[in-house]
Amino acid sequence: MSEVKKLGYFVNGKSEQSKTEKYYDISDPNTGEIFAKAPCCTKAEVNQAVESARKAFPGWSSIPIMKRVQIFYKFKRILEEHLNELTMLVCKENGKVWQEAKGDVLKAIEVVELACGAPTLMMGESLMDTSVQYDTVMYREPLGVFVGLVPWNFPAMIPFGWMVPLCIATGNTMVLKASSTTPMTALAIVELLHEAGLPKGVVNVVTCSRNEAELFLSHPDVKGITFVGSMSVGKHIYSTAAAHGKRVQALCEAKNHCLVLEDAPIKRTAAGIVNATYGCAGERCMALPVVVVQESIADELVAAIKKLAEQRVIGPSYDQKSELGPVVTETHKKFVLDWIEKGIEEGATLVLDGRNATVEGYENGYWLGPTIFDHVTPEMSVGNEEIFGPVTCIKRVKDFEEGIQVMNANQFANGSAIYTQNGYYSREFTRRTDAGMVGINVGIPVPVGIFPFSGHKNSFFGDLHVMGKDGIRFYTETKCVTTHWFDEEEMLQIKVDTWDGTIGKI
């Protein structure tokens, strides 16, 4: 067994060793081997990170934005130079197979590219003569310190795609609470960000328990919280932080459905479903765990999905031939296994059982094979709650109308998709689905970074989403300046109108 490394936390531009006595094990999901430990930072260390960000804000926000974004140009180049190294790190601590892990890093780079356009995105609005000889200009300004609360499933994309780039490009500073399960990617990337020239204190990274993280929700120096995780925690963060006057965006759970109509091409549709369901071992909020299919083609589609799922190559993350890697931890594997047992108890038909998956030479890894339940009915929790693993649920319906009703009955509304060649039903689906991200023959309708990641219902709490123009608005507040210059005659006036020219005149 290799040496177990004790990780530090990153504050004020450098790595520090925590004074905590509590550490979290970080294991390689492929082997089960513990290879590092993350600190449960103390309350004092969490406060230190916020203080570092607070002190850095005045200097960072006063740097002209054209100069700030030069750091992002350099950062993008550095990330690309370290792409394979970061990909391997994601494979090792998270378990994504190579192409998935590479995509995790590339999606972070995508938003770094968006941040390079911050000068345009930050531009305000203006109007001359809002009233006679009165002009108004609207500016966007940063607020201060933001906190990012990060899950374990995308160690690169979420902290350094969804959170950091737009936060700091707009002039704010940030404290990231990285996942204690997968913190190494974030700690590596923050070092690269400073290599690109970021001033110390602008981005700080800690790992800690929920107890210490609770400090962020009421901390007087924290202006906003961005969170990705479970619904129960998201609701708590939203209500608590908002009650303390903070901005909040809380991205939560999902149970994405797709609707397959009888005119859909079976083979291509099955391929899209298998990719969307089992990619990243199902450990993503935009996975496709539920297939709602017209009864007339259900048998044929289920057979096609099963055939492709059985062909999925299960193997170690580092092997580029692998198509399905391990789940992240032994605890999470048990969580998914319990859900499979629950589905059996509820009476769903187990078409494909992935519980006994193994990989030669990696017998201690956290393996789960593709699992398929058919004849899942509305009252079965296995088809309604988030499992976050490689499990597919088939719900059969008679037609489009029943299908859209079944889908919209779910409490979550992150993404939804329809497979059909019918333009009318595609348009109706787009208009009537509750989901905020919609795919027409696209199983994972995640938009590129110039658009917002816009979940609805219990999948999101807040007003402004991550990425796109929403992201810029979340991290800024508007300031309107109205200006009037006196002419010689007006300088002699001794009486001013009640509204002082701020009511527009024809």
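Student: What makes the crossing of α6 and α7 right-handed?

Tutor: In this predicted model, where local features need pLDDT of at least 70, side-chain atom pairs count only at pLDDT 80 or more and totals for chains, interfaces and linings use all residues, the crossing of α6 and α7 is right-handed, a word used if the near helix is turned clockwise from the far one by less than a right angle, with anticlockwise giving left-handed. Residues are numbered from 1 along each chain as its sequence is written, and side-chain values use heavy atoms, leaving out hydrogens and water.

Student: Why is α6 called roughly parallel to α7?

Tutor: Helix α6 (residues 157-169) and helix α7 (residues 184-195) pack at an angle of about 30 degrees, with their axes 13 Å apart. Angles under 35 degrees count as roughly parallel, over 145 as roughly antiparallel, 65 to 115 as roughly perpendicular and the rest as oblique, and therefore α6 is roughly parallel to α7.

Student: Which residues of α6 and α7 meet?

Tutor: From α6, F160, V164 and I168 meet A186, I189, V190 and L193 of α7, where contact means heavy atoms within 4.5 Å. The residues of this contact divide into seven nonpolar, no polar and no charged; Ala, Val, Leu, Ile, Met, Phe, Trp, Tyr, Cys and Pro count as nonpolar, Asp, Glu, Lys and Arg as charged, and the others, Gly among them, as polar.

Student: Why does Q133 count as partly exposed?

Tutor: Its relative accessibility is 43%, and buried means under 20% relative accessible area, exposed over 50% and partly exposed in between (1.4 Å probe, protein chains only), so Q133 counts as partly exposed.

Definitions and conventions. Axes fitted to C-alpha atoms, helices over the stretch in contact; angles between N-to-C directions. Helix = DSSP H or I, 4+ residues; strand = E, 2+ residues; numbered from the N terminus.
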